[in-house]
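User: Hi! Could you walk me through this one? I'd like to start with the charged side chains.

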Amino acid sequence: MVRFNPKARLDRSRVRDVGRGGGGGAGGAGGPGMRIPIPGGIGTKGGIGGVILAVLVYVLVSCLNNGGGGLGGGLGAAGGALSPSRLGDAQDTGRYDSCETGEDANNSQDCARVAIENSLTDFWESRNLADWRPEQALITFSGSVATQCGNATSAVGPFYCPADETIYYDTTFYDQVLEDQLGGPDGGFVEFYVLAHEYGHHISNIIGTMSKVRSQETGPQSPGVRLELQADCFAGMWTRHADGTSDESGEPLLAEPVPESDIALAIDAAEAVGDDRIQQKTQGHVNEESWTHGSAEQRRTWFMRGYEEGTLEACDTFSADRV
Ligand SMILES: [Zn+2]
């Protein structure tokens, strides 16, 4: 389990919780509903079908929000959507108000989320990227939320919306999906890996690789898969260097490097959401041509490449002959 430096000060300025039905009560939030095509034959109630549905939706949304033309027609056309700051200001439930120090992060997964966001921001800030800016917000919700990429329900896992540069997620995703139903690794660092992956999408947005994904083309070498593998690679970069990140006054955020056991959890999680694993579970067979995120092996490989090599160049999935 990651341990935070008890003396570190947390910056809550970008982390908000909008609670149940976030966005719905603020007026005018009735944007276009998300219409996400679900492969046939997958149940929507409980069981493994429900799990996979949630994972798939998570997987799909990450791709859908790349500005690639709005698969399903609804996304990216949310004219008049609330800005993240207005949304957050209007509806912040105060969930994170008590998160002040690294000690709080050691005692609460909510506060740990804030600490990880701070660590990701500090890490990427130190890379001196042209056009660097932190994500607009990390917003947690339950039920549903209005975003500039359309409305999302809690069935949707974590996603990054480039239109408002915000990471959204329902925190019950980790308990219900990854842990309880997939029998996956227990909470903790799994969430941080996913957060680092979504932050990776923000980095791809900043450096311009996200704009290389212009079609809905799928398959193991497709631009969409390359973008996803880049996010995994970026997550690996941060994981390796997380212990070097610090708060505003230079106090380290983590008490120690990310432990090997947590790195193993991250890799397990990356593999668990590999397209081949999901297809095997839902369809009983694997169809490479419809891959959107890459196989378990691809995801593990690119996470580890980021972890071991630690450079943007090493994560240039778009220049690689094969990924
Ligand atoms: Zn993704």
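Analyst: Happy to. A salt bridge here is a side-chain nitrogen of Lys or Arg within 4 Å of a carboxyl oxygen of Asp or Glu. This is a predicted model, where local features need pLDDT of at least 70 and side-chain atom pairs count only at pLDDT 80 or more, while totals for chains, interfaces and linings use all residues. Residues are numbered from 1 along each chain as its sequence is written, and side-chain values use heavy atoms, with hydrogens and water left out.

User: How many salt bridges does the count come to?

Analyst: By that rule, twelve salt bridges.

User: What does Arg 14 form a salt bridge with?

Analyst: Asp 11 is one partner, with the closest N and O atoms 3.7 Å apart. Glu 117 is another, at 2.7 Å from N to O. Arg 14 lies in the segment before β1 and Glu 117 in helix α4 (residues 109-125), so this pair ties together parts that are 103 residues apart in sequence. Helices (H or I, at least four residues) and strands (E, at least two) are DSSP runs, numbered from the N terminus.

User: Is Arg 14 buried or exposed?

Analyst: Arg 14 is buried, with a relative accessible area of 14%, and Glu 117 is buried too. Asp 11, at 22%, counts as partly exposed. Buried means under 20% relative accessible area, exposed over 50%, and partly exposed in between, using a 1.4 Å probe and protein chains only.

User: Switching to the metal: which residues are the protein donors of the zinc ion?

Analyst: His 197 (NE2), His 201 (NE2) and Glu 228 (OE), lying 2.0 to 2.1 Å from the zinc ion. Donors are N, O and S atoms within 2.8 Å of the metal (3.2 Å for Na, K and Ca); water is not among the atoms, so sites may look incomplete.

User: And how are the donor residues spaced in sequence?

Analyst: The pattern is H-x3-H-x26-E. His 201 lies in helix α6 and Glu 228 in helix α7, so that pair ties together parts 27 residues apart in sequence. Both His 201 and Glu 228 are buried.

User: What about strand β2, why is it largely enclosed?

Analyst: Six of the six residues of β2 (residues 137-142) are buried, so the rest of the structure largely encloses the strand. Ala 137, Ile 139 and Phe 141 cover one side, with Leu 138, Thr 140 and Ser 142 on the other.

User: Which strands does β2 pair with?

Analyst: Strand β1 (residues 15-20) pairs with β2 in the parallel sense over five bridges, and strand β6 (residues 166-169) pairs with β2 in the parallel sense over four. Pairing needs at least two DSSP bridges between two strands.
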